[in-house]
Amino acid sequence: MARKSFRETVFGAEENSAATIDPASLSRFQRIAARMYHTPQLSPLEIGVPAIARAGRQISDMINQGYRMYFFVSVLRIDVIYVTVISSLLSVFNTLIRPVMGIAYDKTRTRWGKARLYTVFAPAMYFGATALLFSGRLFFDNDITDDPRKILFIFAMQLIRDTFSLIYKIPTDNYVNLMSPNPQDRMAVGLWQTYAYKWGGDLLAAIFMPFLDFARSGYIKVSQGVIFSGFGIISAFIGTGGGVLMAWNCRERIMLQPKPAPTTKILFYILKNKYALRNYVAGFVTSWWSKGGYSWDVVTQLEIFGGVPRTWAWYIPRQLMQIVSLGLVEPFKKLFGGDFRKTIIFMRLWDMILGSVPAFVGLSPNVIGSWWKAGLVFSIFDGLIVSNDAPSTVLEGELNREIDDYTEYMTGERPDGSFGILTSYVDKLIEPLKTLVTIWVFRWSGYDPNIASNKRWVQDVVREYSTMYSRVYFLYNVANILPDVVRMIPLFFYDLVGQKKAEIYEALNERRALIAKTDTMSDEMAAMMEMMAETNAKPA
């Protein structure tokens, strides 16, 4: 056997992967493999249940990501110094625990599958800790900012939440890849998951912010602590129920290699996936970018648009166009002859151009100083942007799954949990630069969080600080355009399309069928192959 060169060893396919295995060993499964790729497998229940689980997760993430700091400092009343220290400690903990969970997931092989076991017990702990965390004001009804009981409480709840977040999210994020080898199945699941979390998240956000605004202003006799607790409990109920339903009803049909490769080998598998490597390089180049770590959307809505009641009107086009975009998935799939790569490039350029218009229009003091002009400009162009929302999410989701599948094609493994461990540690090197950019962004915008504190929107305030608010409005609309331009470059080199893609997937499915025949076959895989064989026997 010829000795491999350094390039082949580092970047080439692994032995016994679908890319290198003897074609004669696979040929007897060729027609079944083709059927697996072209024939949908999932039932309506299997398509719908993951959407329920995703909706619960989105509600939880919406509260945690958008309002966690506000809850700790303004509702639970803890000094920001303690919150910062806790966040720093947990960041170190997450850095250490992430590889452990990723490796454990990759090495999991049970009679129930790879991901299902985790989705049975992890949701209850993850969502339960979230609900308890945001119910903290009900347990500690005082304004003592250094109360050790409150500090210990949020540390313990966040520790539990962050731990089970990884145990829950890594398997559920990769569940769809294990359910079916058929692209139509995966895109159908992705579509309904997308609308579950977009509509669920947007709807809850549209209700959540007004409740907070009215409670803070004294218009309703409900405390902000009760509002946070209520939404936390709702997310726990939907998320836990959806996770258990998914584990119970959604089968894993993809047959995996029984004995995973050593972790030390898997860590470098990104070098064998040229598509993932290009995406990572583009992401790393822009990872220094930061828009200041602040919720510019909240500032825009409460101060520039004039408060939550006025903001509602400006989000009506978004909600309507999201419904319209649901019917545009199929037309966009056929755009450019079914070439997803070209379609995604077109949609990203569409978003960039339309997103920049309101930002530059808002530089005019005449626009930014008028709540209805600024809101109307945003409303029109935001509605146009989300008109391709569903097609963009579905097609980009499938393209990313194709890139994940290419790793299996080249290595014979699905290292979904540990695939990005090495690159995530490399990203830590850029954190100091990102902090400097955050400071610069705040200085550039000139925004002072205390300007409009504890009072409702006043038009004279916006006019007085028109330059500052123009920059805030600019950040809100185009903060991510520069990184998106760079991250779009790898798409121009993406060639996993047409006949090449079909041949790769047929080889991948042939190898899966070969593993299923030579090793213990799961009931799900056996049923799928039997169905494919029966279909194969019928006249074409």
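Reader: Are D405 and R414 buried or exposed?
Author: This is a predicted model, where local features need pLDDT of at least 70, side-chain atom pairs count only at pLDDT 80 or more, and totals for chains, interfaces and linings use all residues. Residues are numbered from 1 along each chain as its sequence is written, and side-chain values use heavy atoms, leaving out hydrogens and water. Buried means under 20% relative accessible area, exposed over 50%, and partly exposed in between, with a 1.4 Å probe and protein chains only. By that rule, D405 and R414 are both buried.

Reader: What is the N to O distance in the salt bridge of D405 and R414?
Author: A salt bridge needs a side-chain nitrogen of Lys or Arg within 4 Å of a carboxyl oxygen of Asp or Glu. The side chains of D405 and R414 meet this way, and their N to O distance is 2.7 Å.

Reader: How many residues apart in sequence are the parts that E408 and R512 tie together?
Author: The side chains of E408 and R512 form a salt bridge of 2.9 Å, N to O. Helices are DSSP runs of H or I, at least four residues, numbered from the N terminus. E408 lies in helix 21 and R512 in helix 27 (residues 498–518), so the pair ties together parts separated in sequence by 104 residues.

Reader: D147 forms a salt bridge with R149. Which residue of the two is exposed?
Author: Their closest N and O atoms are 3.2 Å apart. D147 is buried, because its relative accessible area is 6%. At 51%, the exposed residue is R149.

Conventions
Helices (H or I, at least four residues) and strands (E, at least two) are DSSP runs, numbered from the N terminus.
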